[in-house]
Amino acid sequence: MRIYDTLGTKEKEITSNLIRIYLCGVTVYDESHIGHARTIIIFDVLRRYLESKGSHVKFVQNFTDVDDKIINRASTEGVHPLELSKRYIDHYFEDFDSLNIMRATEHPKATEHMSEIIELIQRLIDSGYAYIALNGVYYSVSKFNEYGKLSKRKTEDLIAGARIAVDETKNDALDFALWKFSETEPNWPSPWGKGRPGWHIECSAMSLKYLGEDFEIHGGGRDLIFPHHENEIAQTEAVTNKPLAKLWMHVGMVTINGEKMSKSLGNIKSVRHVLANWGPNVIRLFCISGHYSKAIDYSEDLLKENLVKWRQVETAYYEMIMSEGQGSSKEMAQILSECNSEFDSALESDFNTSLALNAFFKLVKAINRIAASDSMTKTIADLVISDFERMCQILGLQVQKVTERQRFEITEMINQREALRSQKKFQEADKIRDQIHAQNIVLLDHKNRTVWMKKEKILADP
RNA sequence: GGUGAGGUGGCAGAGCGGUUAUGCGUUCGCCUGCAAAGCGAAUCUAUAGGGGUUCGAAUCCCUUCCUCACCUCCA
């Protein structure tokens, strides 16, 4: 498959059978929001796709659990910083498990990798890339000739942009902290004095530890290109002398009314909030509805649009498992092979989830069309369902299933309703329908029979 | 100011030199005891403006305008 590489500014073929991915995770000082979710969903689908093709994926996603923002927030709340970060790590897993995100192979935390971080900083000092100053240990940007290669920035331009904080103790305005001296907690002993790591070094240390010196894909949100990923490159490549990753993949921002979600604008939509209203499947569909590299604009209208699509998926699934129509499977076999190849080739070509979704919905619509004409046979359903489920698996979509017992009970109720309907006792029949409804079961009355489906309960669904 | 990514029908969104992608929406119909869901048909001939290259441009080049992101923490 080919993916656009931010560093090389062109698409690159991924051929290896072992695919090591490092995704920059969140700094755990607050609830995760939909912007985080988009990046994580994109990488989750990527990983699922690669695994479905038989690749071995080693997926590492970190938590930055020591940082100034965590410390500040903790002090406002009057709790220990590590207690705060633990709380948000717990929340992270609650949210993202609910979103049906596969757990990474490793979820390393900065605080659990101090020895690796200290060792890496020491190597940078020893090789002359870092120096000890009054407030901490700094990386000397001017020593790294290729600085700016990822973000396409020249160091002159960076200096010209007068937004860099002036710090008298640094040798150069562009230098950034590897280690910040601190006498207060959280702090750790180091050869240079008690303190805590700077922002970028934990990712260098942990990616080296878990994925080695030149893994396949390094990713994150677009906003991490500078300075985070640029600095990771500087730190890691200074000691390894080889490209940190073969490919850099960056996910576009989620905006609201065209503007990026941010604390200062107060337009954050938390994952828990959106999840409570729309559920995991609608959010996942929304997040992959456009090409990953572009921004997507959050709106209730678009969520609503994806809700409608999700209902079509649920319908298609139940039409298949309850199929008993008469008809030939020729047409479906043709459509199926088209959809399969369109789905895969879309993802092969720079992970175009938008087009892959088109192929998926083409299949969904074909299933519903055939079911509507009462010609969905068991043969067709058997032919289609495994591919349908393959796509769902890759996209991380989960239709609500029912137990055999529920199935039996519902069938009983439907039979009662049918009996009442044939006697034209519609009021009583509708009462049963309402009872079934209360269990989130929707009846789909076809010409000669009634099919039913279990709907995901979605609060926003009127 | 610098750097990068963009501007496609009411909305979303592909295509990135050569059949009016597609989806949602809207309208009308079918189905139904009524619904719901689904299906069918119709609707919209779009490519920011202006130049140019070409037999042919949404796609390439120039130019103007606009938007967003990054340059400070950010997924």
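**A protein surface around RNA strand B**

The surface near RNA strand B is made of 14 nonpolar, 20 polar and 18 charged residues. This is a predicted model. In it, 52 residues surround the RNA strand. Among the closest are Lys-69, Trp-199 and Gly-221, together with Leu-224 and Lys-260. Of the atoms of RNA strand B that come within 4 Å of the protein, 59% belong to sugar and phosphate. Helix H11, residues 353-372, gives the largest share of this surface, with seven residues.

The bases are contacted too. Asn-358 has a side-chain N or O atom 2.7 Å from a base nitrogen of RNA strand B. Asp-430 also uses its side chain: a polar atom there lies 2.8 Å from a base nitrogen.

Now turn to a sheet in the protein. It is open, has three strands and runs in the order E12-E11-E13, with mixed pairing. Strand E12 (259-260) and strand E13 (296-298) each have a single partner strand, so each stands at an edge with one side left without a neighbour in the sheet. Strand E11, residues 254-256, pairs with E12 in the antiparallel sense, over two bridges. Here Ile-256 stands opposite Glu-259 of E12.

How far can the details be trusted? Where pLDDT is low, predicted coordinates should not be read in detail. Chain A has a mean pLDDT of 93, and 98% of its residues reach 70 or more. Confidence is highest in strand E4 (residues 56-61), at a mean of 98. It is lowest in helix H5 (residues 155-160), at a mean of 76.

Methods: Residues are numbered from 1 along each chain as its sequence is written. Chains are lettered from A and ligands numbered from 1 in the order in which they are written. This is a predicted model: local features need pLDDT of at least 70, side-chain atom pairs count only at pLDDT 80 or more; totals for chains, interfaces and linings use all residues. Side-chain values use heavy atoms; hydrogens and water are left out. pLDDT is the predictor's confidence in each residue, from 0 to 100. Helices (H or I, at least four residues) and strands (E, at least two) are DSSP runs, numbered from the N terminus. A residue is near a molecule or strand if one of its heavy atoms lies within 4 Å of it. A polar contact is a pair of N or O atoms within 3.5 Å; within protein, one must be able to donate a hydrogen and the other to accept it, and residues adjacent in sequence count only if both atoms are side-chain atoms. Ala, Val, Leu, Ile, Met, Phe, Trp, Tyr, Cys and Pro count as nonpolar, Asp, Glu, Lys and Arg as charged, and the others, Gly among them, as polar. Two strands pair if DSSP finds at least two bridges between them.
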